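The following note concerns side-chain contacts in the structure shown below. Please read the points alongside the model.

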Amino acid sequence: MISPGWKTDLDILVMSGSSVTDFGDHLVVKTPQNPNYHWGNCILVTDPSSASDAEKWIQRNCEVFPNQAWLAIGLPQMPTDSEGWISQGISL
């Protein structure tokens with residue numbers, strides 16, 4: 001489930017040409033006309049139980065955006081265990 005704020009942001013992105021694909025536990029947002037727009041080219045995790053799985057989401061980001069020089073991963077809540085994110089040098 002996504003928050004009302006993210007829902008609004010996604011609706012605006014789609015109206016401006018972005019695509020949003022639902023993979024069940026996450027959404028992939030792509031904005032081909034603006035490949036450097038971080039939050040227009042991102043992953044939004046929708047499964048709160050997997051928010052702590054940094055390795056999974058970092059790997060998925062690399063699969064979806066292999067040439068991206070940044071991580072843009074939105075989480076549905078603060079992870080119950082943030083060590084996986086911290087060990088990758090990511091601040092939450």
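Which side chains meet Asp-11 in a salt bridge, and at what N to O distance?

1. The partner of Asp-11 is Lys-7, and their salt bridge has an N to O distance of 2.9 Å. The term denotes a side-chain nitrogen of Lys or Arg within 4 Å of a carboxyl oxygen of Asp or Glu. Asp-11 and Lys-7 are four residues apart in helix α1, so about one helical turn separates them. Asp-11 is partly exposed at 35% relative accessible area, and Lys-7 is likewise partly exposed at 42% (buried is under 20%, exposed over 50% and partly exposed in between, with a 1.4 Å probe and protein chains only).

2. On provenance, this is a predicted model, in which local features need pLDDT of at least 70 and side-chain atom pairs count only at pLDDT 80 or more, while totals for chains, interfaces and linings use all residues. Residues are numbered from 1 along each chain as its sequence is written, and side-chain values use heavy atoms, with hydrogens and water left out.

3. The whole structure contains three salt bridges. One of them joins Lys-56 to Asp-25, with the closest N and O atoms 2.8 Å apart. Because Lys-56 belongs to helix α2 (residues 54-64) and Asp-25 to the loop between β1 (19-22) and β2, this pair ties together parts 31 residues apart in sequence. Helices (H or I, at least four residues) and strands (E, at least two) are DSSP runs, numbered from the N terminus. Lys-56 is partly exposed, at 34% relative accessible area.

4. Arg-60 takes part in two contacts: a salt bridge with Glu-63 at 3.4 Å, N to O, and a position over the face of Phe-23, 4.7 Å from the ring centre. A charge counts as sitting over a ring if NZ of Lys or CZ of Arg is within 6 Å of the ring centre and within 35 degrees of the ring normal. Glu-63 and Arg-60 are three residues apart in helix α2, about one turn of the helix. Glu-63 is partly exposed, with 47% relative accessible area.

5. Trp-6 lies in helix α1 (residues 4-15) and Trp-39 in the loop between β2 (26-30) and β3 (42-45), 33 residues apart. Trp-6 is partly exposed at 24% relative accessibility, and Trp-39 is partly exposed at 39%.
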